[in-house]
Amino acid sequence: MVFGLFRRRTPDLVTVAYSAIVAQARQPHFYAELAVPDTLDGRFEMVSLHTILVLNRLRGEKDKAGEFGQQLFDLFFLDMDGSLRELGVGDVSVPKKVKKMAEAFYGRAAALGAALASDSRAELIEMIDRNVHAGASAPAASAALAAYVRASAETLAAAPVSEILAGRPSWPDQTQFTVSGANR
């Protein structure tokens, strides 16, 4: 019985989907070509962005999709908690830092939702510049990343929810979005 605790378990589909989100968010192209800072904050922004895109796709779906979205959200924050602990943040400080991350996540989710709902390309670019590029004024990189984000939202919207629930969110090829092609 006790040895059962040490057996490898097959990851559930929420974990598989979250792993796919993190893998997409960590694509070197974002950091090398689109000027996302390869820092703790930059990685948080990209994982948040991709998680929010998937959660937006699941919003309004019923039954399993809603539950899946909640589990994905919970796993995101469990991962953030674990990451902070691995970085050596003290047990007393972790809840405060996770609370700040949650506030940032909700703010990003609202801003991204509004920007995607708007026909204004500028609103999405401003949101990317302000959050992902931390106001570093990288207009071409922000425009290219905004084009990727819009294409990601459209790709996810066109994909069957069953693909996400099976742990396979769809993404456009990020290498098609470059600073030199930012005016798409």
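Of the 184 residues in the chain, 44% count as buried. The model described here is predicted. Its secondary structure comes to 8 helices and 0 strands, and along the sequence the pattern reads α-α-α-α-α-α-α-α.

Two further values describe the chain as a whole. Among contacts in the chain with a separation of 6 or more, 65% are accounted for by residues 24 or more positions apart.

One pair of helices is now considered in detail. Two packed helices are described by the angle between their axes and the distance between the axes. Helix 6 spans residues 121–131 and helix 7 spans residues 139–158; their axes come within 8 Å and cross at roughly 110 degrees. Because angles of 65 to 115 degrees count as roughly perpendicular, helix 6 is roughly perpendicular to helix 7. The crossing of helix 6 and helix 7 is right-handed.

| Helix | Residues in the contact |
|---|---|
| Helix 6 | Arg 121, Leu 124, Ile 125, Ile 128, Asp 129 |
| Helix 7 | Ser 142, Ala 143, Leu 145, Ala 146, Val 149, Arg 150 |

Helix 6 contributes Arg 121 and Asp 129 to the contact, among others, while Arg 150 is one of the residues from helix 7.

Technical notes
Residues are numbered from 1 along each chain as its sequence is written. This is a predicted model: local features need pLDDT of at least 70, side-chain atom pairs count only at pLDDT 80 or more; totals for chains, interfaces and linings use all residues. Side-chain values use heavy atoms; hydrogens and water are left out. Axes are lines fitted to C-alpha atoms, for helices over the stretch in contact, and angles run from 0 to 180 degrees between N-to-C directions. Helices (H or I, at least four residues) and strands (E, at least two) are DSSP runs, numbered from the N terminus. Angles under 35 degrees count as roughly parallel, over 145 as roughly antiparallel, 65 to 115 as roughly perpendicular and the rest as oblique. A crossing is left-handed if the near helix is turned anticlockwise from the far one by less than a right angle, and right-handed if clockwise. Contact means heavy atoms within 4.5 Å. Buried means under 20% relative accessible area, exposed over 50%, partly exposed in between (1.4 Å probe, protein chains only).
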